[in-house]
Amino acid sequence: MTAPGDLMQALFLRLKTDASLSALLGGAGLLEQANDKAAFPHVTYGRTSAFDLDTGADNNGDQLITLHVWSKAQGEAETRLIMDSIKARLDGAALSIGPRGQTRLSLEFAEARYDEDLAVHHGLLRFRALTQEAV
């Protein structure tokens, strides 16, 4: 199974090489964790769940990865544009992560909403990462 930290690094590397996403985020908008001084908009890495997929093969690893999009723009258009850019870059992607094999990503869930408590638009993208271990 691909370690969650290795997968996060591979995802962020793939996202950082996307010029259109970098432009939407203003450059340094991919954060492992946001602090109080983080500029908006930005994307943070959320919860990862790892488990074995019951496929009959001993070498499959299955993880759910959550990415959060945060925006203070008027309306949710900016949040949706960032989410669409991330989806275009990651949905269906195949990542090689070290000697472990290949990890394929698929979008499982996406949602955008306004969080009144934080006064921000919050987008959530959940991807399934299925790793086929090298033999």
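## Helices and strands

The protein chain holds 3 helices and 6 strands, where helices (H or I, at least four residues) and strands (E, at least two) are DSSP runs numbered from the N terminus. Read from the N terminus, the elements follow the order α-α-β-β-β-α-β-β-β.

This is a predicted model, in which local features need pLDDT of at least 70 and side-chain atom pairs count only at pLDDT 80 or more, while totals for chains, interfaces and linings use all residues. Residues are numbered from 1 along each chain as its sequence is written, and side-chain values use heavy atoms, with hydrogens and water left out.

## Surface and contacts

Of the 135 residues in the protein chain, 41% count as buried, meaning under 20% relative accessible area with a 1.4 Å probe, protein chains only. The accessible surface of the protein chain is about 7500 Å², and carbon and sulfur atoms account for 49% of that surface; the areas come from the Shrake-Rupley method with a 1.4 Å probe.

Now for contacts, meaning heavy atoms within 4.5 Å. Among those in the protein chain with a separation of 6 or more, 61% are between residues 24 or more positions apart.

## An aromatic pair to look for

How many aromatic pairs are there? The count is 1, with rings of Phe, Tyr and Trp (its six-membered ring) pairing if their centres lie within 6.5 Å. F12 and Y45 make up this pair, at 6.0 Å centre to centre and 85° between the planes, which is edge-to-face (over 60 degrees).

The pair links distant parts of the chain: F12 sits in helix 1 (residues 4-16) and Y45 in strand 2 (residues 42-51), 33 residues apart. F12 is buried, with a relative accessible area of 8%, and Y45 is buried too, at 13%.

How values were computed:
Buried means under 20% relative accessible area, exposed over 50%, partly exposed in between (1.4 Å probe, protein chains only). Rings of Phe, Tyr and Trp (its six-membered ring) pair if their centres lie within 6.5 Å; planes under 30 degrees apart count as stacked, over 60 as edge-to-face and the rest as tilted.
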